[in-house]
Structures are given as C-alpha cells and as structure tokens.
Amino acid sequence: MRPGTAASRSRPCSRSGARLPAWVDLEGAVNVRDLGGLPLEGGGVTASGVLIRADNLQDLTPSDVVTLVDELGVRVVVDLRSHIEVDTEGPGPLTGRVDVHHRSLYPEKGSFSDVMISRADGENPFVRYYLGYLRDRPDSFVGAMRDIASGPGPVVVHCAAGKDRTGMVVALTLAAVGVEREAIIADYALTGERITAIMDRLRSSDLYRPDLEGITDESRMPRAEYLERVLEVIDAEHGGAASWLAAHGFDPAPLYKRLVSAA
C-alpha cells in the first residue's frame, strides 16, 4: 500500500508541538489531508475519517479514486470552486461515485477563482478576500457545514489550491467545534510545505495559467498571520465562529457531534 493511504498516513507536529493533520498522498492531487487528531480546547481530539481537505480533484487517477472511495469511504465532496471553474474544467473523475455539492464562495456574478487573490488591491489582500468570502457567501459556508455534519463517511472539502477557500471553510469548521487556535493556524500553514507542487498544478491548467503570470510561489504561501487576523476579526465582531454560524441559521451542535464525539 503506497504512502498516503488509510493504513500509512503520517501525523507530524508543528514547531510548537501542535499535532498536525495526516497527509493523504495521491497521484492526481498534492494538498490532501485528514483533519482528525487535532487537539480541542477542552481536551480530546477531532475524529479521523470525517473531514478531509484537498486541492483540485480533476486530475485524480483511477488509483486515487479507489483510495478515496473504496479505501477511505468518501461519499460526499464539497466543491468550493466557482461556477466558471466547474463549467470550464468539466466533471471530475469522482462524478457518479460520490455526491458532489457545489458551494462557491464568490458572488453569483463574476468569473473568479482563488488564483486572483494576488491581484487584489490594498494592504493584506488575503485577509480582505477571506473576510469577503464570509460576507458574500454565508449560505455556502452554512451549506458546507451541513454537508460535513450530515455526510456519511469522510467528507472532502476542496477548491483549486486547497489553500484559501478550503482554508476558510476548514478554519471556521475547526473553530466552531473548539479546536485549539494554534492547531487551526498550524493546519492552515501546513499547505506551505506543498506550495510548489500546488503552483505547478495550477500553472499546468489552461484556466489558471494566465492569472499566474509573474506570480511567485513565495507570494502564495499561507502565512499564519493571515488566518490569525481573520479569526481575530470573527471573534471581535461576531463572538467567534460558532456564534457567526448560529447568526446565519446553523446550529454547530451536529457538527460537533460528527467531528468530535466520534473521536
């Protein structure tokens, strides 16, 4: 069994000692990990085999599909890409094998993808874009949470890079169930270990390549201070992730039961 499958995933630690998610190494995706084993503020850890984050799944090989569907038991995929991304790239190899729920984080108008963040004007564009996701598409966040809370087997959440849109949905999910802040941020930053492979994948795509001209891998690194600031704003203005979700009609209790109580 090759590295990255259910029987051989590793679970590293951050420099601070926080337990990091386990990589799931696939041939056609480079930023995939199981979010089980993360420490909770009141003790305990998140359950493995419930929530998996990923980059674009369009290039999954038949062997990858076997790993996700047959070995790991994935039955639901939350696709955060915009409609133009989905329409341009067409149905992926998991179509027909799992339920795919499209939950774009962009407004209905416009043709956006997360590679455009580096084009944003103003200071700290990543923070501005991340908060914009919350402002523009609370329905997609709530929909994704419901998918995670009710999905049978592991639920995969992905976008193009598995970094920004996926990072925000994952961070809000983990914060809502009480994962330690340090662990949430460490998971977000962990994508940086594979940023070169992620950027190579995006540059190989006719859809994303034009927007990445002149953009360096270093400029796309997920930096801890970006997510730290976003979570600070959510705390200050909304009373935390759970309160933000409750204000938008979602009770985090089923999410907690699925992601924590099963551990």
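**An aromatic cluster in a predicted model**

Ring pairs join Y106, F126, Y130, Y133, Y188 and Y226 into a cluster. The model is predicted. Six aromatic pairs occur in the structure. In one of them, the ring centres of Y106 and Y133 lie 5.8 Å apart and the planes meet at 90°, so this pair is edge-to-face. The pair connects distant parts of the chain. Y106 belongs to the loop between β5 and α3, whereas Y133 belongs to helix α3, and 27 residues separate them. Both Y106 and Y133 are buried.

F126 and Y130 form another aromatic pair. Their centres are 6.2 Å apart, with 70° between the planes, and the pair is edge-to-face. F126 and Y130 are four residues apart in helix α3, so about one helical turn separates them. F126 is buried, and Y130 is buried too.

The charged end of R194 sits over the ring of W23, at 3.7 Å from its centre.

The protein chain contains ten helices and six strands. Strand β4 (residues 76–79) pairs with strand β5 (residues 99–102) in the parallel sense, over four bridges. From β4 the chain passes through helix α2 (residues 83–89) to β5. This β-α-β crossover is right-handed. Within the strand pair, V76 stands opposite D99 of β5.

Of the 263 residues in the protein chain, 56% are buried. Among contacts with a separation of 6 or more, 71% are between residues 24 or more positions apart. The chain exposes about 10,800 Å². Carbon and sulfur atoms supply 50% of that area.

Conventions. Residues are numbered from 1 along each chain as its sequence is written. This is a predicted model: local features need pLDDT of at least 70, side-chain atom pairs count only at pLDDT 80 or more; totals for chains, interfaces and linings use all residues. Side-chain values use heavy atoms; hydrogens and water are left out. Helices (H or I, at least four residues) and strands (E, at least two) are DSSP runs, numbered from the N terminus. Buried means under 20% relative accessible area, exposed over 50%, partly exposed in between (1.4 Å probe, protein chains only). Contact means heavy atoms within 4.5 Å. Accessible areas come from the Shrake-Rupley method with a 1.4 Å probe; for residues, only the protein chains shown count as cover. Two strands pair if DSSP finds at least two bridges between them. A crossover is right-handed if, with the strands pointing away from the viewer, the path from the first strand over the helix to the second runs clockwise. Rings of Phe, Tyr and Trp (its six-membered ring) pair if their centres lie within 6.5 Å; planes under 30 degrees apart count as stacked, over 60 as edge-to-face and the rest as tilted. A charge sits over a ring if NZ of Lys or CZ of Arg is within 6 Å of the ring centre and within 35 degrees of the ring normal.
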